[in-house]
Amino acid sequence: MLKYLAARLLTFVPTFIGVTLISFAFIRLLPGDPIIVMAGERGMTEERYAELSAQLGFDRPIYVQFWEYLTGVLQGDLGQSFVTRRPVWDEFFSLFPATLELSIFAMIFALALGLPAGVIAAVNRGKFFDRALMSTALVGYSMPIFWWALLLIIIFSGQLGWTPVSGRIDLIYYFSNPTGFMVIDAIKSGQEGALASALRHLVLPAIVLGTIPLAVIARQTRSAMLEVLGEDYIRTARAKGLPPLRINGIHALRNALIPVITVIGLSVGTLLAGAILTETIFSWPGIGKWMVDSIFRRDYPVVQGGLLLIAVMVMLVNLTVDLLYGVINPKIRKR
Amino acid sequence: MKLRSYLATAAMLALGAGAASAQSLVYCSEGSPEGFDPALYTSGTTFDASSQPIFNRLAQFIPGTTEVEPGLAESWEISEDGKTITFKLREGVKFHSNDQFTPTRDFNADDVIFTFDRQGNPENPYNKVSGGSWEYYAGMSMPELLESIEKVDDYTVKFHLTRPDAPFIANMAMDFASIHSKEYADAMMEAGTPEALNQKPIGTGPFVFQAYQKDAIIRYVRNPDYWGPPARVEALIFAITPDASVRYQKVKAGECHVMAYPNPADVQEMKDNQDIVVMEQEGLNVGYMAYNTQVPPFDNPKVRKALNMAIDKQAIIDVVFQGSGQIAKNPIPPTMWSYQDTVEDDPYDPDAAKAMLAEEGVSDLSMKIWAMPVQRPYNPNARRMAELMQEDFSQIGVNVEIVSYEWGEYLERSSDVDRDGAVLLGWTGDNGDPDNFLAVLLGCDGVGASNRAQWCHEPFDELINKAKVLTDQDERTKLYEEAQIVFKEQAPWATIAHSVVYMPMRPEVDNYVVHPLGTHIFNEVGFSD
């Protein structure tokens, strides 16, 4: 197992360097000069341009800039945002907890509904319930996030008043040394009603962000289950007279989980992409919105640093998923 | 501790009354500030969150106007040659405190000198802090204009200028001129955290900065020691909400009292809603199309005039601005002093336009119209605007190709003297002075940069240069009025529209004034009973 882990970690090195290079090149390939964008309609003189260019280090050859960036990264320094002048590292970690919290709740929502829905659909294959579930999943998968979010806001917040429109907690709550995870902060503070408020604020964004993963998980679970349900040992189990719940829930589902977990791992990328829109609509202060704003402003350090950190997160999640295979299926562990 | 007890009170009150507590005003803002040191930045979003609540300036704009009144300076005197301005400073003004700093002295001349010295003097230890690039200081030509600042005594400072400059006092009311505490700056430098000036701001303003979470919330509490009339609400909260539809829902649900920048399409529905009051005012801006007046046939004023007559501006107001704009006939907006109302706009008359072009010997004209890739207050949809013009111009036999570039490229290339085509662009005023429009956008000095028409017309330039050095506003008004007549005759631009700014708010919000410079100010806002 350790050997396997070490081998997997080794593959990180070229990926990491590749990501560094791509993130550095990507933002520079986009047309648009951050200095000109900064000056706006006013424009600026050539001397002023040269001065700012030198201040930001753009006057040096590109390979020197890359080398400095790379050595900075290896020392844990991702540079400073052109716009806010704050270290990229600080900005990322002040915003990331919000994205992580939202993603976790979105995933819980997707799994809590997606797994049972997939199992039930597979067991009732071809029946009305199966068709209804799978068509709903297809609709969920195709729904534009933006539209879906506004629809939920208008119905549940605007018309019914059940949930808040946006934000992470009611404005009356204020925590002095926050961890950034609102649910944890709310519990820690002990303020009456804080936890309920934080959870109420999570409902709509988690549903919106979790909708696509929910659809994918439900469909994937269904097809994996169908495959497993046709296996000999399931027939044997049935012949032995085991109760259906035990057959479907334990014998079949466990074996069907491998492809489902792969999908969950891959969904992390989808979640981060979806977070961009979800965060913008719900005024959720996470990294999605931060990245988009930075791309528009050509804030090089933020875009390259943010991409790098996100890539590392995705790599770590996929590593975890690979290790999970072993936990679920002992055959993989032994290999 | 003081801050905490304030907050506890606010929280208890709010718990009783829901989010719409009478003690805290919630403003749904459109984005996060870049920081809290206004001199470092140029965006209105940052100014709303920093210079307006937290800081004061030597002079300040009278709410709802572009006229200037004394702020931290009680009065000022301009020498006869116009090159020395003596400010008499207000006494007894206290700076805020925070967990790292408590002031030991009141505001004085040292703070004024520090505020400007750090922006202009490369030797000042704060010149490079937070990557200081001092855009506005440079943009308002302060480095060339400001020779020195002299401290006469603790409450008198003299600004020595290299030339007389009438807009200088208005510049002192601009956000970049917000006065910082030198004592705080020194303390933070000593503590090794100079960037605290930008992250934990200390000012003299009506509200004290309390907390900020990026992309989520900014909290302020009332400054109990404010030198002016104290703020009417105990706490001011900015709920950062980037999506306009969501801001609207939040006002409807009572989660915000005031919101910024509604979608034009929602305004009518808001006006029909009894729970929302919509205030409106013409913005201090202009959207225009600049011909390249150095490239034939656009070097001929009659050709430019003929093209202007072919544009159906009302259609643009209806379609592009969805009614939230008004036709522009002058290069400055009607809310600005010296606006020349006697000027008649070019009539919309395609037949006459066609005849005029033929008279000038122009036939089979093909041209480019540049459409900006971004949305601006002065032009919510440049692509659509260009398409309407393309249609208008085809009526008079002029063939239009619409081009666009990424925003940075667009700004850069549109400044080129030999640019091919007419450019859609616009401007939002900085200091309410006509010089800020006429000289920046149409003066000879701006050719190759902010003067996108590449238009250098001596009679016009003479008028605006003369007006710039006079201190008497009546005399300046006459010159600017005359300059606008010259502008209209020469037609370097097609003036298109001034947008209207809408501010939706809850009906209980009292005394909100829409500021023509676009900033949102809350110290005099409260709740009606």
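A polar contact here is a pair of N or O atoms within 3.5 Å; within protein, one must be able to donate a hydrogen and the other to accept it, and residues adjacent in sequence count only if both atoms are side-chain atoms. By that rule, six residue pairs (both at pLDDT 80 or more) are in polar contact between chain B and chain A. This is a predicted model, where local features need pLDDT of at least 70, side-chain atom pairs count only at pLDDT 80 or more, and totals for chains, interfaces and linings use all residues. Residues are numbered from 1 along each chain as its sequence is written, chains are lettered from A and ligands numbered from 1 in the order in which they are written, and side-chain values use heavy atoms, with hydrogens and water left out.

**Chain A overall**

- Chain A has 14 helices and zero strands, where helices (H or I, at least four residues) and strands (E, at least two) are DSSP runs numbered from the N terminus.
- Its C-alpha atoms fill a box of roughly 85 × 55 × 40 Å along the principal axes.
- Of the 335 residues in chain A, 48% are buried; buried means under 20% relative accessible area, exposed over 50%, and partly exposed in between (1.4 Å probe, protein chains only).
- Take the contacts in chain A with a separation of 6 or more: 74% of them involve residues 24 or more positions apart, with contact meaning heavy atoms within 4.5 Å.
- The accessible surface of chain A is about 16500 Å², and carbon and sulfur atoms own 68% of that; accessible areas come from the Shrake-Rupley method with a 1.4 Å probe, and for residues only the protein chains shown count as cover.

**A nonpolar patch on chain A**

- W147(A), L151(A), I155(A), L160(A) and W162(A) make a nonpolar surface patch of about 500 Å².
- Patches are made of residues with over 30% relative accessible area and no salt bridge, with like charges joined within 9 Å and nonpolar side chains (Val, Leu, Ile, Met, Phe, Trp, Tyr) within 5 Å.
- L160(A) sits in the loop between helix 7 (145-159) and helix 8 (182-189), and is partly exposed at 41% relative accessible area.

**Where the chains meet**

- On the chain B side 54 residues are in contact with 43 residues of chain A.
- Together the two chains bury about 4100 Å², with 57% coming from carbon and sulfur atoms; buried area is the accessible area (1.4 Å probe) that two parts lose on being put together, summed over both.
- In chain B, K214(B), D215(B) and Q249(B) lose the most area to chain A, together 14% of what that side buries.
- There is one salt bridge between the chains, and a salt bridge means a side-chain nitrogen of Lys or Arg within 4 Å of a carboxyl oxygen of Asp or Glu.
- That bridge pairs R298(A) with E406(B), whose closest N and O atoms are 3.3 Å apart.

**Salt bridges within the chains**

- Over all chains, the search finds 30 salt bridges.
- In chain A, R168(A) bridges to E101(A) at 2.8 Å between the closest N and O atoms.
- R168(A) is in the loop between helix 7 and helix 8 and E101(A) in helix 5 (residues 88-123), so this pair ties together parts 67 residues apart in sequence.
- R168(A) is buried at 5% relative accessibility, and E101(A) is buried too, at 4%.
- In chain B, R118(B) and D37(B) form a salt bridge at 2.7 Å, N to O.
- R118(B) belongs to helix 4 (residues 109-120) and D37(B) to the loop between strand 1 (24-29) and helix 2 (44-49), so the pair links parts 81 residues apart in sequence.
- Both R118(B) and D37(B) are buried.

- Most residues other than glycine have a negative phi, and most peptide bonds are trans.
- The peptide bond from P296(B) to P297(B) is cis, with omega near 0°.
- D215(B), in the loop between strand 8 (207-213) and strand 9 (217-222), has a positive phi near 60° and is buried at 3% relative accessible area.
- D364(B) also has a positive phi, near 50°, but is exposed at 74% relative accessible area.
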